[in-house]
Amino acid sequence: MGVSRPTVTRMYENARHKVADALVNGKEIVMHPVDVVVCEAPRPECVHVRNCCHRRKMTE
């Protein structure tokens, strides 16, 4: 994914605290949709993987 483990841990902790706060204090939980990009040219080992993570941006 190109993201360090400490960054992912911070993101997870932040999300966990927000969900816990919403549940405890009766706040609304709003989730926004996210676009999923599927490989334009998957690697041979990913031929049968529906949402392959080995993708490159076409602008790179």
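Glu13 is partly exposed, with a relative accessible area of 28%; partly exposed sits between buried, under 20% relative accessible area, and exposed, over 50%, using a 1.4 Å probe and protein chains only.

On conventions, this is a predicted model, where local features need pLDDT of at least 70 and side-chain atom pairs count only at pLDDT 80 or more, while totals for chains, interfaces and linings use all residues. Residues are numbered from 1 along each chain as its sequence is written, and side-chain values use heavy atoms, with hydrogens and water left out.

How many salt bridges does a search of the whole structure find? There are 2, where a salt bridge is a side-chain nitrogen of Lys or Arg within 4 Å of a carboxyl oxygen of Asp or Glu.

One of them joins Glu13 to Arg16, at 3.1 Å from N to O. Both residues lie in helix α1, residues 5-25, and are 3 residues apart, about one turn of the helix. Helices here are DSSP runs of H or I with at least four residues, numbered from the N terminus. Arg16 is partly exposed, at 40% relative accessibility.

The other pairs Asp21 with Lys27, at 2.7 Å from N to O. Asp21 has 30% relative accessibility and so counts as partly exposed. Lys27 is also partly exposed, at 48%.

Now the helix itself. From first C-alpha to last, the 21 residues of α1 reach 30 Å, close to the expected 30 Å; the expected span is 1.5 Å times one less than the number of residues. After α1 comes Gly26, with a positive phi near 65°.

Methods: Helices (H or I, at least four residues) and strands (E, at least two) are DSSP runs, numbered from the N terminus.
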